[in-house]
Amino acid sequence: PFDVLVVGGGPAGASAAIYAARKGIRTGIVADRFGGQVMDTMAIENFISVKATEGPKLVSGLEEHVRDYDVDIMSSQRASKIIGAESVGGLIEVELESGAKLKSRSLILATGARWREMNVPGEQEYRGRGVAYCPHCDGPLFKGKKVAVIGGGNSGIEAAIDLAGIVEHVTVLEFADTLRADAVLQDKARSMGNIDIIKEAQTTEVIGNGEQVTGLRYTDRKTGESKELELAGIFVQIGLVPNTEFLKGAVELSPRGEIITGAQGDTSLPGVFAAGDATTVPYKQIIIAMGSGATAALGAFDYLIRTPIM
Ligand code: FAD
């Protein structure tokens, strides 16, 4: 059995595996796709100490760093179930979709998240070419340009406020007839001169010139009329979905499905720790995922040295 088994090979899982392996304990990592969301990212400009890089380049650095240690890497494998130990200090079991079963004294869940997509024509085609999901990451690429934010919840209105300081103009499109964002955020957005909010707007298409986004089409749900906006960027802010469906009933999840973690990355199940975008950790970023992966690995190590083997 492993001492530490990490599920997930994004920045959180890679960081957790390196921190665990550096303690000289048996470490494994199971990942569906090594690199996670970072593989889908083009420009990364906020990974501190690296001025600018690209996702696949950062991922190859991550993999090289993990391979420098004695870590058993199981790629292209999905975990489908976890079973807690019968008693504290016992072995925790992870079932894979392939049917294989892995056992470990501690577990680190780092399965990340995925952005909820609009599922309209043009969204996939222009992803990374005007269609964006992370204002902290991609906001500065639209300096002085016009953008839209899809979604009027907290993340949408926060994104609009954030972007309004960088871009020329922001249009927020909300599907419902009211905004779900907190009143303070709505007031702040309304006080800024360059944010317009359109309610009852259903985005129906991302428009581009073959290279870049040039606008979007939406239906005014009140009149049924189809309208167009000219834009350089579209920030989709309709939710981040944690990859935790397979954990339901095994560890405690928040109402949004995020793994509830304590200060050491601990979860409701003894010996099971979690890190990164799959958890309740505030702000989903690469540097934060890596930090929380380190925390979870050190938390797991602490657990291992304090818990008698059962
Ligand atoms: P993820 O990166 O999501 O990795 C999850 C891992 O778990 C993957 O290996 C996946 O295959 C695996 N997995 C999932 N389910 C299972 C399962 N059941 N069994 C086995 N493995 C599983 N952040 C920044 O800081 N700067 C940026 O510029 C930036 N740009 C971004 C651009 C885009 C387009 C996107 C989508 C995100 C961006 N982010 C950026 C956010 C950043 O990518 C995430 O915060 C970070 O990747 C989270 O790391 P993670 O390890 O928690 O999860």
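Because the model is predicted, local features need pLDDT of at least 70 and side-chain atom pairs count only at pLDDT 80 or more, while totals for chains, interfaces and linings use all residues. Residues are numbered from 1 along each chain as its sequence is written.

Let us start with helix α1 (residues 11-21). Helices here are DSSP runs of H or I with at least four residues, strands are runs of E with at least two, and both are numbered from the N terminus. α1 is mostly covered, with 11 of its 11 residues buried. A residue is buried if 20 or more other C-beta atoms lie within 10 Å of its own, exposed if 12 or fewer, and partly exposed in between, with C-beta atoms placed from the backbone. Among the buried residues of α1 are Pro11, Gly13, Ser15 and Tyr19. What do they pack against? The buried residues of α1 pack against β1 (2-7), β2 (27-31), α2, β5, β8 (101-109) and α6 (286-306).

Two packed helices are described by the angle between their axes and the distance between the axes. On the α1 side, Pro11, Ala14, Ala17 and Ile18 meet Leu62, His65 and Val66 of α2, where contact needs C-beta atoms, placed from the backbone, to lie within 7 Å. The residues of this contact divide into 6 nonpolar, 1 polar and no charged.

Strand β2 is another partner of α1. It is largely enclosed by the rest of the structure, because 5 of its 5 residues are buried. Thr27, Ile29 and Ala31 cover one side, Gly28 and Val30 the other, and all are buried. β2 runs parallel to β1, and 4 bridges join the two; strands pair if DSSP finds at least two bridges between them. Val4 has Thr27 in β2 as its bridge partner.

Elsewhere, there is an open sheet of 3 strands in the order β14-β15-β16, with antiparallel pairing. β14 (201-208) and β16 (226-230) stand at the edges, each with a single partner strand, so one side of each is left without a neighbour in the sheet. From one strand to the next, the twist averages 25°. Strand β15 (residues 213-220) is joined to β16 by 5 bridges, and Arg217 stands opposite Glu228 in β16.

Now to the loops. Beyond its neighbours within four places in sequence, its contacts include Asp266, Ala274 and Val281. The C-alpha atoms of Thr261 and Ala296 are separated by 9.4 Å, although the residues are 35 apart along the chain.

Two other loop residues have positive phi without being glycine. Ser76, between β5 (71-75) and β6 (79-83), has phi near 55°, and counts as exposed with 10 C-beta neighbours inside 10 Å. Asn119, between β9 (113-115) and β10 (131-132), has phi of about 60°, and is exposed with 8 such neighbours.

Notes: Axes fitted to C-alpha atoms, helices over the stretch in contact; angles between N-to-C directions. Contact = placed C-beta atoms within 7 Å. Nonpolar A, V, L, I, M, F, W, Y, C, P; charged D, E, K, R; others polar.
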